[in-house]
Amino acid sequence: MSLDWQVFCLDTIDKEAVKGCFGSGRTQTYLDWLLQAWGQTVIVACASLVVALVVGSLVGTLRTLPDSPIVTRLGNAWVELFRNIPLLVQIFLWYHVLPVLIPVFASTNKLVLVVMGLGLFTSARIAEQVRAGIQSLPRGQRYAGMAMGFTTPQYYRYVLLPMAFRIIIPPLTSEAMNIFKNSSVAFAVSVTELTFFAQQAGEETSRGVEIYLAVTALYVISAFAINRIMAVIEKRARVPGFVANTGGGGH
Amino acid sequence: MLEFNVFTWDVLRSFVLHGFYFSVTLTIVSTLGGIVFGTVLALMRLSGNKLLDVPATIYVNGMRSIPLLMVLLWFFLLVPILIGRPIGAEVSAVITFVAFEAAYFSEIMRAGIQSIARGQVFAGMALGMTYGQNMHLVILPQAFRNMLPILLTQTIILFQDTSLVYIITANDMLHGFTTAGANLSHPREAYILAAVVYFVICYSLSWLVKRLQARIAIIR
Amino acid sequence: MIEIKNVSKWYGTHQVLTDCSVTIDKGDVVVVCGPSGSGKSTLIKTVNALEPFQKGEIYVDGVPVHDPKTDLPKLRSRVGMVFQHFELFPHLSVTENLTIAQVKVLGRSLDEARTRGLKMLDRVGLMAHKDKFPGQLSGGQQQRVAIARALSMDPVVMLFDEPTSALDPEMVGEVLDVMVGLAKEGMTMMVVTHEMGFARKVASRVIFIDVGGRILEDCSKDEFFSHPENRQPRTKDFLNKILSH
Amino acid sequence: MIEIKNVSKWYGTHQVLTDCSVTIDKGDVVVVCGPSGSGKSTLIKTVNALEPFQKGEIYVDGVPVHDPKTDLPKLRSRVGMVFQHFELFPHLSVTENLTIAQVKVLGRSLDEARTRGLKMLDRVGLMAHKDKFPGQLSGGQQQRVAIARALSMDPVVMLFDEPTSALDPEMVGEVLDVMVGLAKEGMTMMVVTHEMGFARKVASRVIFIDVGGRILEDCSKDEFFSHPENRQPRTKDFLNKILSH
Amino acid sequence: QANDTLAKIKSSGKAVMGVRESSAPLAYTLGDGKYTGYHVELCEKILHAVAPQAKIEYTPVTSANRIPLVQNGTVDLECGSTTNNLARQKDVAFGLTTYVTEVRTAVKANSGIKSVAQLAGKTVATTTGTTSVALLRKHERATGLEFKEVYGKDHADSFLLLESGRADAFVMDDNILAGLIASSKNPKDYAIVGETLNVEPIAVMMRKDDPAFKKAVDDQIRTMIKSGDLEKLYNKWFMSPIPPKNTSVNLPMGSVLKSLMVNPNDKPAEDFNAKK
Ligand SMILES: Nc1ncnc2c1ncn2[C@@H]1O[C@H](COP(=O)(O)OP(=O)(O)OP(=O)(O)O)[C@@H](O)[C@H]1O
Ligand SMILES: Nc1ncnc2c1ncn2[C@@H]1O[C@H](COP(=O)(O)OP(=O)(O)OP(=O)(O)O)[C@@H](O)[C@H]1O
Ligand SMILES: [Mg+2]
Ligand SMILES: [Mg+2]
């Protein structure tokens, strides 16, 4: 089948081709719309990532505190709650159900609700990784910090967390890429992001292949960009001479 | 404000049961298929042979950078046009999930194989085992065992992800709940019920995985 | 300086220390040995409260470790500890490893901390490596930095938990040399080790712990090595094993 | 039995073996020592082609290891190897560890393999543990099973790569005892170890490798230990370090 | 490949009907894989007439995937609430128009909104993948009205947006609005208001380039119109109580559809709205 990329230059209303492919004033081409949808994807993903990182790090750290069974339990409950319900259902709950139960959410921007949904869902996974990262450090590191006379917050701040975060950069990278992909679920609650665009524009223009190719390419580009950014961070944070003890190394 | 009494046992059975079966079937089939193809992909990537490694790497990384929703749309809407033959929503969902999950399972298996200490590889070789024997008798059994909890955790994620097949109107469990909710005019209650059911299932499964992990830890 | 009185400890129902009592005076060098899993590490960790214990009392320089009201971080900052696996902070340079606790715990100025830290680094003979990271040093060098790090806190007592057992054989010597030097200068030390050469050279007392965390021997070095006939059968057996080859 | 001729090996541009030549005759017990990272493990691994090498030739019992046409699995099945970290297969019971390669590689029947394997297990004194899993054994016991596993393949030569250095000190003896027994029975052995007591007791020759994989010494045990004045300075230095404490 | 649906139905022994799950009263589900509604029953009658031996298989479709499904052969006859328009005629074929919907606006009865002009600055909901999305945009540009759009993933979700106050209006086909309101908890709280934004002929949909099948379908519809069966069917679904709640949609046949009963055709929406 032949591809017709001209579809992106069409006006979204009267389906007339627009010169230069970008609309002006009140006219909008499918290309304009695509880029705008990409913007929505990026906004949702990045905002959710911030929420997820902040909450996830906090919860993950709390779960490793020594001698605080109640805090640990609360942290565990948080993780179990948010990771055992499908993201899609969580987003529906945030969007359709919570506003009825808790009236303040009724007037909250829908983007905020989606970001909360995606962010907290991901926070559970990040909390898992932060906990695993801290626990993967040799027990001696904690002891060494304590033995130097650091208080608990101090040895977390100066000894455990700096290494734990370095160790979990690879899984955090995939989590950051996941958040981009998972943001596609936001379309179910009418965020006009890339997947929404793919569905709506595919329907309006009947050029599904071209539209899907473009949208898929943008997802791949986004994932790759995140991957590169994290690689730079990983490189910056690398500790000279440190080799993670992965029990033997690969082939 | 919320009323659940319209969701009688009968309503749930007629709307949700079929979807539940489908979600479970989809999960099981794509876990098994995903592990088999994933292991093949992992071995290809570790083979050191560029002809095997490069295509496998492209496939795995490609799949992993596209949202599942998009992959579902691709397979569902375009594959039939390309192959000139229709495939139904549910068949399409199964194919998509196997293809998609293989990429994820392959990464798990690759990590599992690489987590086996180099010394184990040497030990097998030193006993005179061939590459195939070493893989089959020494490396893969350990890799599977090490990765079992992670494989099962991925299966739980997979079960949750089956909810996304709504985009191609395959009739999964969540779909059952939302249709019941829509047609009985209690959509919010339906979402809450769905959340509870998913939570109970997934939480129980992850609890089982934890028990299993503890069991395995003792044997080792 | 250290007084361990009738300490017992359990993990669940599993007893790992049984009624242990040891007194260590200022300037004493006490070597602790015993089979694997006998509770040597556990015992030495109870001294600066890295491991809680259920029964008994421990006083370090008069401070009651078992008292829940004791400011444990403060106590620990006065006790130097060296671990089997060095436990340098891998993300900090050698100098930062030496100064961070001085600054954050003792409240010293960065300058003061640097001066003190580098003096200790010089003492263990590693001045040339002050800007490296732990991962760039050999095991023996890392352990010497770890000793310098502990010393720069001006501890009243030093605890060593198998400081040489994770080292390549050729590096054991350089670490033991530093420890011998410390002992000769009068540092109070409690040392878990199997290096009987070290014990022979500088120990004032040797303690033998058997599995279950029970102290079987606590006697002077000369008594321990020169009169095997007075030793318990378990001790003789253990010594035979580690000295035979 | 083993002939290593002018072998050199590089990792990228980093040379880890430099023109190594060693001849080991039937019944020889050759001890290899040298500092950490000097290439001891690499050298011993080249013998059964676990590590490829870029230059030189190696013959094991007449078979050319360097020849790409050689059936390496078959060659390896005739050479027993014992590793620093035991490398028992953790998912198999002790008996299965002993039999799996006999059955799958040598094609023996399960019965035959069991008989042979258990005989070797008995020989290392662990018959009582035949149904356990490796994780349920102490380090010393695991290493003895590993030796039995290698022996049950009826090897013409045994290679040991630091077989005791991952063991708690009290367990070193039990493993060395088994090795001494093997040597006395006339097994051809190449042993990387720092246990100079073992070398003194049974070695026919001692080889010293320096960093860079260069063989500095290759002489009889008596010559090596009794005439330090004839040794290279690097060798003396190394011996001083590992024998001093 | 030959686009011969009749042959395909005959050889496979089954006819695949594309149905909607929540487009009451045109097509919706009662659970348990059972589908019903005005168009579903109509199609059952049609298929029964054109391929008496074939088993009917129901495949649920959505606004977004129905056209590709018909194109790629998954669905033989789509019987939902699909607007017949020019753009779609490029990809698929439509039967004779069997229902005419007017795109209108549902609001909360107490909102005071009476006309489209009053939507300025308000939030307007509609459903992803429907013609109403484009219609709204078009209207916005033509009149200079500014309003915010939100999109539900299906009609039920869109209605939920209206119900929960996330949207002030829901623009959609009047029959769908009527159906949703009728089955809502408090039907009196809602009103369908304002001018008709568009008149849309709704028809069953099938593959393009299969004149034989189209003719068979059209002939059957003509027969039913002549015999008065179609009007009876209409009254059954639009004027009397229907399951599951046994309430009535109460939407009498409009003038456009009445005239079509006299002169059936398969003209696209553009022809109906050209005069405006
Ligand atoms: N966190 C823990 N939970 C349960 N048991 C423990 C824990 N830590 C140590 N033990 C047990 O306590 C006992 C004493 O351990 P400890 O580490 O003090 O022995 P050790 O004498 O230092 O041995 P090694 O020479 O191997 O270092 C051992 O039996 C060990 O299995
Ligand atoms: N896979 C590898 N890639 C690059 N360099 C390697 C690799 N394996 C080993 N080396 C290097 O080869 C040299 C020799 O290593 P080898 O393990 O043979 O030393 P060794 O004498 O056995 O030391 P040790 O006493 O620590 O076991 C070392 O400098 C090591 O860093
Ligand atoms: Mg210990
Ligand atoms: Mg080595």
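Reply: Start with helix H1(D), which supplies three residues, the largest share of the shell around ligand 2. Helices here are DSSP runs of H or I with at least four residues, strands are E runs of at least two, and both are numbered from the N terminus. The model is a predicted one, in which local features need pLDDT of at least 70 and side-chain atom pairs count only at pLDDT 80 or more, while totals for chains, interfaces and linings use all residues. Residues are numbered from 1 along each chain as its sequence is written, chains are lettered from A and ligands numbered from 1 in the order in which they are written, and side-chain values use heavy atoms, with hydrogens and water left out.

A residue belongs to the shell, or is near the ligand, if one of its heavy atoms lies within 4 Å of it. For ligand 2 these residues are Tyr11(D), His14(D), Val16(D), Pro35(D), Ser36(D), Gly37(D), Ser38(D), Gly39(D), Lys40(D), Ser41(D), Thr42(D) and Glu162(D). Sorted by class, three of them are nonpolar, seven polar and two charged. In this sorting Ala, Val, Leu, Ile, Met, Phe, Trp, Tyr, Cys and Pro count as nonpolar, Asp, Glu, Lys and Arg as charged, and the others, including Gly, as polar.

Some of these residues have polar atoms facing oxygen atoms of the ligand. A polar contact is a pair of N or O atoms within 3.5 Å; within protein, one must be able to donate a hydrogen and the other to accept it, and residues adjacent in sequence count only if both atoms are side-chain atoms. Ser36(D) has a polar side-chain atom 3.1 Å from an oxygen atom of ligand 2. For Lys40(D) it is a backbone N or O atom that lies 2.8 Å from a ligand oxygen. The side chain of Thr42(D) places an N or O atom 2.4 Å from an oxygen atom of ligand 2. Of the 640 Å² of accessible area that ligand 2 has on its own, the protein covers 62%. Such areas come from the Shrake-Rupley method with a 1.4 Å probe, and for residues only the protein chains shown count as cover. Two or more residues of the shell come from each of strand S2 (14-24) and helix H1 (40-47) of chain D.

Now ligand 1, which lies between chains A and C. It is surrounded by 13 residues, and the closest are Gly37(C), Gly39(C), Lys40(C), Ser41(C) and Thr42(C). The classes here are three nonpolar, seven polar and three charged. Helix H1(C) gives the most to this shell, with three residues.

Side chains of chain C reach the oxygen atoms of ligand 1 in several places. His14(C) has a side-chain N or O atom 3.5 Å from one of the oxygen atoms of ligand 1. For the side chain of Ser36(C) the distance is 3.1 Å. Glu162(C) has a polar side-chain atom 3.0 Å from an oxygen atom of ligand 1. The protein covers 64% of the 640 Å² of accessible area that ligand 1 has on its own. The elements that each give two or more residues to this shell are strand S2 (14-24) and helix H1 (40-47) of chain C.
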